[in-house]
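Keep the sequence and the 3D view open as you read.

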Amino acid sequence: MTEPIEDQKLVYFLKRNSPIPPDSIPDLEERIIIAIAQEPRINQTTVKRLWLVPAAIVTSVLITVSGYFLFKPTQIQPVAQGQEAELEAFLINNWDSTLHDSSGDKYKETSNEEDFFRASFQDN
Amino acid sequence: MLTTVSADVANNSDIELIERCVNGDRASFRHLYRRYEHKVRATLYQLCGSSLLDDLVQEVFLRVWKGLPKLKQRNTFSTWLYRITWNVATDQRESFAKQHSLEAKLSIPDRVVESSELMNLHYQDLVQRGLDHLSFEHRAVLVLHDLEDVPQKEVAEILGVPVGTVKSRLFHARSAIRQFLQKQGVNL
């Protein structure tokens with residue numbers, strides 16, 4: 001797009017008379033080269049490796065958290081007062097039914113042994 | 001032999017020089033410096049004046065050296081360089097402006113000049129004063145676009161503003177400096 005003629009004239013005048021910067025000190029180039037030599041250099045590899053730091057931190061945190069939940073010992077819930085009696089009754093009933101169960105042949109011998117022991121106790 | 005190698009390096013493209021610089025080649029950075037020193041110096045001078053000019057140029061090129069490894073789009077080097085120049089100018093603006101005005105008050109011409117040269121100096125002084133007359137934002141757009149021939153789109157990237165804002169600032173900057181120059185008797 002062509003600029004208006006007034007703008008072109010103005011830009012021409014500005015360019016033609018734009019202030020000329022004073023010459024630099026003679027050793028400015030050397031000064032800059034010495035200054036950059038003293039700068040610690042961050043090369044591309046370092047920049048790329050810098051990304052590994054947050055990644056490693058995140059990975060460590062994830063491993064720690066998941067390890068904590070994975071290997072955390074499961075706590076045995078204490079049995080409530082009412083449940084304790086209920087559980088005891090269940091165990092006794094279960095035990096008794098196991099001892100007095102006549103339907104299974106494999107328990108018959110045990111049952112007979114129990115009777116024998118009871119009888120010997122009563123005798124004494 | 002050394003001269004030939006040096007000349008070869010000097011003929012390299014910006015991208016090749018940048019690549020070498022990133023690998024720590026300071027000789028290539030020297031060529032990059034020589035290639036852009038004038039533009040950086042002129043821009044800083046037009047934005048900030050002469051005080052501390054060498055220090056500001058050094059600061060720009062130090063930032064360039066440090067920042068080169070992080071420059072992803074190497075074909076946009078010149079825009080990036082202007083951006084750094086703008087940042088350095090902005091950082092130094094306030095203290096710089098104070099020093100510049102003091103220096104202007106104390107400056108004494110150190111030589112006798114011919115009449116035509118005197119006229120040129122007069123016009124240069126008018127342009128300098130005209131630029132000083134503008135706000136920093138308007139001056140930056142005028143310097144980059146009209147004096148340094150940076151396209152509007154790149155000016156927008158350098159200053160971090162939309163292209164529309166660049167157009168608007170350019171319009172107002174030109175109007176203001178034209179008005180200033182006409183008041184000083186310049187017929188445009």
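H7(B) and H9(B) are roughly perpendicular to each other, because their angle falls in the range of 65 to 115 degrees. In this predicted model, the axes of the two helices cross at roughly 95 degrees and come within 8 Å. From H7(B) come B:Glu137, B:His138, B:Arg139, B:Val141, B:Leu142 and B:His145. H9(B) answers with B:Val166, B:Arg169, B:Leu170, B:His172, B:Ala173, B:Arg174, B:Ala176 and B:Ile177. Sorted by class, the contact has seven nonpolar, three polar and four charged residues.

Helix H9 of chain B, residues 163–183, also meets helix H8 of chain B, residues 152–159. Here the axes cross at roughly 105 degrees, again within 8 Å. H8(B) and H9(B) are therefore roughly perpendicular to each other. On the H8(B) side, the residues are B:Gln152, B:Lys153, B:Val155 and B:Ala156. They meet B:Val163, B:Val166 and B:Lys167 of H9(B). This contact has four nonpolar, one polar and two charged residues.

Now look at the loops of chain B. Most residues other than glycine have a negative phi. B:Leu52 is not a glycine, yet its phi is positive, at about 60 degrees. B:Leu52 sits in the loop between H3 and H4 of chain B. B:Asp149 also has a positive phi of about 60 degrees and is not a glycine. Its place is the loop between H7 and H8 of chain B.

Are these two residues buried or exposed? B:Leu52 has 17 other C-beta atoms within 10 Å, so it is partly exposed. B:Asp149 has 10 other C-beta atoms within 10 Å, so it is exposed.

Next, the two chains together. 31 residues of chain B are in contact with 29 residues of chain A. Which elements of chain B give two or more residues to this side? They are helix H3 (26–48), helix H4 (53–67), helix H6 (115–133), helix H7 (136–147) and H9. The chain B side divides into 15 nonpolar, seven polar and nine charged residues.

One residue of chain A shows the meeting of the chains up close. A:Ala35 belongs to helix H2 of chain A, residues 28–38. Leaving aside neighbours within four places in sequence, A:Ala35 is in contact with B:Gln58 and B:Leu62. A:Ala35 is partly exposed, because it has 14 other C-beta atoms within 10 Å.

What is chain A built from? It has six helices and zero strands. From the N terminus on, its elements run α-α-α-α-α-α. Chain A has 124 residues, and 6% of them count as buried.

Where pLDDT is low, the predicted coordinates should not be read in detail.

How values were computed
Residues numbered from 1 in each chain as written. Chains lettered and ligands numbered in written order. Predicted model: local features only at pLDDT ≥ 70, side-chain atom pairs only at ≥ 80, totals over all residues. Axes fitted to C-alpha atoms, helices over the stretch in contact; angles between N-to-C directions. Helix = DSSP H or I, 4+ residues; strand = E, 2+ residues; numbered from the N terminus. Parallel < 35°, antiparallel > 145°, perpendicular 65-115°, else oblique. Contact = placed C-beta atoms within 7 Å. Nonpolar A, V, L, I, M, F, W, Y, C, P; charged D, E, K, R; others polar. Buried ≥ 20, exposed ≤ 12 C-beta atoms within 10 Å, placed from the backbone.
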